[in-house]
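Here are a few notes to read alongside the model.

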Amino acid sequence: DALLKRISGLAETQPALLERLNEGNLLVAMVGNGQNLGTLAIWPLQRDTPGLEQFGATLGVDLGKGAATWSGGSVELKGDTAWTGCRFAWKDGLALLGSNTNVVEEALLAMGGDGMRSDSTFVTAKRTLGSGTDGHVLVHLDRAQRLLGHWLTNDAVEGLRWPEGWLAMDVRIRPEAALLSGLIFPSTNDTLMQALSAQGLSRNGVTRVLPASVTTCITHQVSDPQRYLEELGVHNDSLAAGAFLWCRGVFALASAPDTSGSGQRDWAVFQTDDPLAPFEALSRLCPSGGCDTSNHRSIRLLRAPVAGMLGQLLGPAFDRFEQPWYAVLGDKAVCSDEREALHEAIDAFLDGRTLAADERNADFLQQYATDASLTVWADAGRSDTWLKPHLRTDAPPALNADLLRGLGRFLMQVAPAQNGAFPITLCLQHGAALKQEFGVEQQVGVLWTSAIGRPLVRGPFLVRNHVN
């Protein structure tokens with residue numbers, strides 16, 4: 001966030017601010033007000049804190065002993081042009097710094113009442129935050145989904161299925177990744193979360209049949225496919241029998257950038273305990289003349305007999321599969337609308353070039369992944385092609401390909417509910433900054449590289465004399 005970057009830069013030069021931030025008492029809130037999106041930073045600040053006048057001079061705010069700033073109203077920052085439009089206020093021992101007038105004025109008004117304390121779900125979620133961490137995150141999921149509308153298209157926002165309620169997570173920053181763990185507290189019943197709760201846990205095994213080019217993968221655990229569909233409110237028995245009821249274990253949706261540089265390729269994967277079952281069930285839906293078939297490297301391909309059946313059963317995310325081609329690879333049925341994409345999955349499976357065989361990704365999953373009901377994995381640094389179609393044309397420029405290329409892999413996992421709350425973990429791997437040179441991405445400032453083979457667990461040690 002732009003405001004956070006400014007505060008971070010300011011803290012490096014202002015001892016008064018840095019002293020307060022080092023105590024871990026900084027609260028940052030993102031606030032949506034109609035079409036306006038604002039950021040608000042709050043931290044304890046006493047009027048007799050040393051260095052306040054210098055701090056105020058940098059912001060362009062009078063923080064002298066008799067200044068009107070201490071009266072409780074907000075004032076515009078008139079310092080560096082980087083602070084244009086920002087407002088500062090002080091009330092009851094708290095400093096408020098906001099990206100616009102609305103967020104500061106609304107916060108000042110809320111300080112006179114119960115504020116968030118009137119939301120019982122918020123209070124419950126807040127109590128679960130632990131100690132000894134680097135920070136905490138509290139997110140109202142429904143409001144956060146609406147905030148994403150500032151960057152994402154309406155269709156993309158509607159496709160994000162999260163329950164109403166609060167998410168509370170502890171944050172730990174490691175040299176190689178940011179780690180978050182906590183609980184989701186739904187305030188209402190949610191069909192998807194209830195469906196996941198009844199299906200148990202499993203380890204994500206679909207990477208063994210996906211090509212290494214895949215950049216995003218969403219995996220659901222399914223032990224009882226009939227109950228799963230019933231929890232979602234789906235009762236199309238004939239389609240379910242042909243396309244889903246034979247699924248046991250996991251099913252997944254994966255995508256990769258198109259090799260032509262435009263759009264993306266998509267795969268769906270369905271695990272089964274009977275490798276013959278997928279084609280037998282699909283064939284029962286074929287017309288009298290049979291379904292279209294093909295062959296690639298002695299692997300039989302079968303085209304779906306009914307158009308749009310996956311979207312009808314599993315929701316809008318699967319609408320992209322109009323009439324896909326299927327192939328059975330081991331204990332998993334893989335499908336894609338494009339035969340070439342399915343050929344790529346078959347080649348990767350037969351030649352040992354799958355996502356599971358990627359050493360860096362395998363190390364990442366071994367270190368951070370666990371059994372879950374829902375797993376979302378992405379190679380964020382290579383996901384700009386996937387993200388681009390979902391961005392609004394007038395979206396703020398902060399969310400772009402350059403930002404993503406500076407990140408590593410992302411992992412989110414959700415487990416079944418415990419006492420009404422769903423455990424959740426997130427991991428965002430730090431990536432190296434990249435630059436383009438002669439059309440090739442290179443790490444900035446890197447003269448040469450060497451594979452280490454395992455993830456780093458600590459940052460570098462600086463030594464004066466490496467001999468002694």
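1. Let me begin with a cut-off: a charge sits over a ring if NZ of Lys or CZ of Arg is within 6 Å of the ring centre and within 35 degrees of the ring normal. In this predicted model, the charged end of Arg47 is placed over the ring of Trp90, at 5.9 Å from the ring centre. For Arg339, the charged end sits over the ring of Trp325, and here the distance to the centre is 4.8 Å.

2. Now the overall picture. The protein chain has 16 helices and 20 strands. Its length is 468 residues, and 44% of them count as buried. Among contacts in the chain with a separation of 6 or more, 61% are between residues 24 or more positions apart. The chain exposes about 24,300 Å², with carbon and sulfur atoms supplying 51% of that area.

3. The aromatic residues deserve a look. Rings count as a pair if their centres lie within 6.5 Å, and by this rule there are eleven aromatic pairs. Phe244 and Phe251 are an edge-to-face pair, because their ring centres are 5.4 Å apart and their planes stand at 85°. Both Phe244 and Phe251 are buried. Which residues do ring pairs link into a cluster with these two? The cluster consists of Tyr228, Phe244, Trp246, Phe251, Phe270, Phe318 and Phe321.

4. On to charges: the structure holds ten salt bridges. One of them joins Asp371 to Arg203, with the closest N and O atoms 3.1 Å apart. Asp371 belongs to the loop between H14 and E16, while Arg203 is in the loop between helix H8 (191–197) and strand E9 (216–222), so this pair ties together parts that are 168 residues apart in sequence. Both ends are partly exposed: Asp371 has a relative accessible area of 36%, and Arg203 has a relative accessibility of 47%.

5. Please also check Arg265 and Glu344, whose side chains meet in a salt bridge at 2.1 Å, N to O. Arg265 is in strand E11 (residues 264–272) and Glu344 in helix H13 (residues 339–351), so the bridge ties together parts that are 79 residues apart in sequence.

6. Asp331 and Lys332 form a salt bridge, their closest N and O atoms being 2.8 Å apart. Asp331 is partly exposed at 29% relative accessibility, while Lys332 is buried at 6%. Elsewhere, a network of salt bridges links Arg297, Asp347, Asp351 and Arg353.

7. Where does Ser373 lie? Ser373 is found in the loop between helix H14 (359–368) and strand E16 (374–379). With buried meaning under 20% relative accessible area, Ser373 counts as buried because its relative accessibility is 1%. Leaving aside residues up to four places away in sequence, Ser373 touches Leu196, Gly200, Leu201, Thr219, His220, Gln221, Val414, Ala415 and Pro416.

8. Finally, a point about the surface. Leu4, Leu26 and Val28 form a nonpolar patch there, and together they have about 190 Å² of accessible area. Leu4 is part of helix H1 (residues 2–13). This leucine, Leu4, is partly exposed, with 33% relative accessible area.

Terms used:
Residues are numbered from 1 along each chain as its sequence is written. This is a predicted model: local features need pLDDT of at least 70, side-chain atom pairs count only at pLDDT 80 or more; totals for chains, interfaces and linings use all residues. Side-chain values use heavy atoms; hydrogens and water are left out. Rings of Phe, Tyr and Trp (its six-membered ring) pair if their centres lie within 6.5 Å; planes under 30 degrees apart count as stacked, over 60 as edge-to-face and the rest as tilted. Buried means under 20% relative accessible area, exposed over 50%, partly exposed in between (1.4 Å probe, protein chains only). Patches are made of residues with over 30% relative accessible area and no salt bridge: like charges are joined within 9 Å, nonpolar side chains (Val, Leu, Ile, Met, Phe, Trp, Tyr) within 5 Å. Accessible areas come from the Shrake-Rupley method with a 1.4 Å probe; for residues, only the protein chains shown count as cover. A salt bridge is a side-chain nitrogen of Lys or Arg within 4 Å of a carboxyl oxygen of Asp or Glu. Helices (H or I, at least four residues) and strands (E, at least two) are DSSP runs, numbered from the N terminus. Contact means heavy atoms within 4.5 Å.
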